[in-house]
Protein chains: 2
Amino acid sequence: MSPTAGRSRDPSRGRERAARILDAAEDLLLRHGARRVTVEDVAVGANIGKGTVYLHWETREKLFAAVFDRAVARAIAELLVAMRTRPSTCLPHHFAHDYFLAVMHRPLLRGLLLADPELLGRLARQHDPAWDERHHLVSERYFRLLAEYGVLRAELGADEVAYAFQATFEGFVRAEGELAGGENPALRSAAQPAVATLERRADLLARTVELAFENNRPVAADELRLLAADVVDLFTDLVDRRGFADLVDRRGFADRADRAELGTPAAS
Amino acid sequence: MSPTAGRSRDPSRGRERAARILDAAEDLLLRHGARRVTVEDVAVGANIGKGTVYLHWETREKLFAAVFDRAVARAIAELLVAMRTRPSTCLPHHFAHDYFLAVMHRPLLRGLLLADPELLGRLARQHDPAWDERHHLVSERYFRLLAEYGVLRAELGADEVAYAFQATFEGFVRAEGELAGGENPALRSAAQPAVATLERRADLLARTVELAFENNRPVAADELRLLAADVVDLFTDLVDRRGFADLVDRRGFADRADRAELGTPAAS
DNA sequence: TCTTTGACCAGATTTCATATCTGGTCATAC
DNA sequence: GTATGACCAGATATGAAATCTGGTCAAAGA
């Protein structure tokens with residue numbers, strides 16, 4: 001459209017544009033679903049040429065993955081803020097509660113976690129194994145940390161709690177899909193849920209996690225602050241590195257600071 | 001209802017044959033998956049004519065549903081035996097433990113609950129709403145019963161526990177699918193599970209349920225026996241009526257005793 | 001008369017060839 | 001060195017023809 005007068009060496013320009021592409025993609029994704037969104041649509045939505053999109057992401061799928069990554073990053077960022085504000089948020093039951101709501105309030109993540117085929121097309125669950133691995137590692141470290149601080153029930157191994165927590169959390173997440181009509185689109189919005197509000201369901205999840213996995217012995221406030229700081233570090237690391245394997249600038253102008261943003265120009 | 005003379009030779013013959021059809025169908029289902037099994041295959045496997053199959057079930061899908069129904073009935077029957085032998089089995093955490101294992105040890109049910117598309121074809125999750133409703137009702141009554149006997153945590157409503165229990169249970173079930181390679185067939189049998197054995201995972205589920213939903217106050221042995229009897233009645237009712245809406249003989253020769261069997265001739 | 005059967009048919013599913021669309025590339029303009 | 005959009009191969013949609021199979025029913029058998 002309007003070719004930029006004077007090529008810019010300014011890296012922040014690239015990052016800003018990447019964000020604009022992600023914005024456009026997210027908007028289209030939510031409105032039409034992955035199926036019906038073409039790279040050209042996104043380019044038009046971001047007021048750039050189609051080829052330019054490919055300067056930022058190698059493939060369409062990686063672009064969409066980046067959109068989801070950003071949504072995840074934002075959800076986790078929200079949690080991190082909460083943890084800094086109120087350290088107890090790092091305790092598993094608070095964590096589960098807040099993360100559950102953070103996901104359910106984001107249509108993109110709801111769709112991702114509930115594997116909504118309409119939203120995702122065949123993109124559903126095409127998880128990068130590397131991400132799963134990292135996720136698993138962080139989860140493991142999180143629970144090991146909790147164990148060290150004496151937050152968890154002593155009779156359970158950290159990896160066992162990690163497993164059971166994951167199963168429980170996903171059970172509650174999937175239950176949301178169920179009562180939204182999940183697999184069978186014909187059954188949308190059945191009467192009324194057994195437990196009326198989303199908030200209450202989040203509470204139930206939190207109670208379950210607290211009673212099943214946590215030690216009922218209270219943690220000292222300063223201990224809790226230390227733990228929270230460690231957990232924040234852990235998750236910050238997760239978010240920062242998220243998906244960067246193929247987003248790191250090959251020409252090397254993506255520096256440390258760039259890691260806070262996704263989609264820095266990557267083509268050669 | 002006494003059958004008119006000469007009308008039907010021997011009702012038990014019909015039931016026996018129905019069982020043979022189900023056996024043949026189950027065998028083929030497990031070996032080839034719903035996709036590849038035709039009604040004719042089943043008829044041949046049961047040594048009868050194709051039309052005869054339709055004297056027992058109106059449609060192919062109802063036949064397959066009956067196969068699954070029988071598997072469910074057998075799993076529940078197994079639980080009922082356990083409950084009579086050891087009344088504590090009716091407590092939610094024992095129940096979850098045993099039901100989890102009963103399902104996981106039955107390939108048909110594993111496939112059903114994990115919605116294995118290879119096994120089920122597009123049959124997956126084409127649940128009869130009536131069944132869901134009945135299931136829901138029984139679950140509700142089960143937890144209300146538990147509440148009355150003071151087994152559940154007092155601060156939670158029976159329906160809330162029912163919801164949370166269901167979510168948790170399904171979470172653990174789905175986790176099994178996950179580590180079997182679930183949705184992405186390419187990722188079959190990843191390394192080794194975080195929690196090594198199926199038994200241990202069942203234990204984790206049981207602990208979670210016990211701690212999260214049950215009152216830690218022990219129940220007197222005789223109280224427990226009464227509760228178990230009630231629960232056995234409840235589930236017996238569920239199993240007996242299972243799927244009978246369209247299996248009940250229209251000519252009326254399916255009597256009370258028939259309810260223990262599925263697939264009594266139903267054509268006009 | 002009532003039960004059982006298998007040939008039969010409509011409609012569903014698969015196949016295969018053709019047309020269309022779109023992800024990704026690259027020569028060109030800036 | 002950066003940005004672009006015309007271009008192309010391969011993916012995907014379309015549709016016609018061939019095949020298969022669920023379900024029916026007239027007739028044979030008890």
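**View 1. Helix α9 (residues 158-179) of chain A and helix α10 (residues 198-213) of chain A have axes that come within 11 Å and cross at roughly 165°.** That angle makes α9(A) roughly antiparallel to α10(A) (over 145 degrees). The crossing of the two helices is right-handed. Axes are lines fitted to C-alpha atoms over the stretch in contact, with angles from 0 to 180 degrees between N-to-C directions. Helices are DSSP runs (H or I, at least four residues), numbered from the N terminus.

**View 2. Residues of α9(A) meet residues of α10(A).** On the α9(A) side are A:Val161, A:Ala164, A:Phe165, A:Thr168, A:Phe169, A:Phe172, A:Glu176 and A:Leu179. They meet A:Leu198, A:Arg201, A:Leu204, A:Leu205, A:Thr208, A:Val209 and A:Phe213 of α10(A). By class, this contact (heavy atoms within 4.5 Å) has 11 nonpolar, two polar and two charged residues.

**View 3. Chain A and chain B bury about 2,800 Å² between them.** Of this area (accessible area lost on being put together, 1.4 Å probe, summed over both parts), 63% is on carbon and sulfur atoms. In chain A, the most area is lost to chain B by A:Glu160, A:Tyr163 and A:Leu211, together 21% of what that side buries. Each chain gives 29 residues to the contact.

**View 4. B:Glu155 forms a salt bridge with A:Arg207.** The closest N and O atoms are 2.7 Å apart. Between chain A and chain B the count is four salt bridges (side-chain nitrogen of Lys or Arg within 4 Å of a carboxyl oxygen of Asp or Glu).

Residues are numbered from 1 along each chain as its sequence is written, and chains are lettered from A in the order in which they are written. In this predicted model local features need pLDDT of at least 70, side-chain atom pairs count only at pLDDT 80 or more, and totals for chains, interfaces and linings use all residues, while side-chain values use heavy atoms, without hydrogens and water.

Note on methods:
Parallel < 35°, antiparallel > 145°, perpendicular 65-115°, else oblique. Left-handed = near helix turned anticlockwise from the far one by under 90°. Nonpolar A, V, L, I, M, F, W, Y, C, P; charged D, E, K, R; others polar. Buried area = accessible area lost by both parts, 1.4 Å probe.
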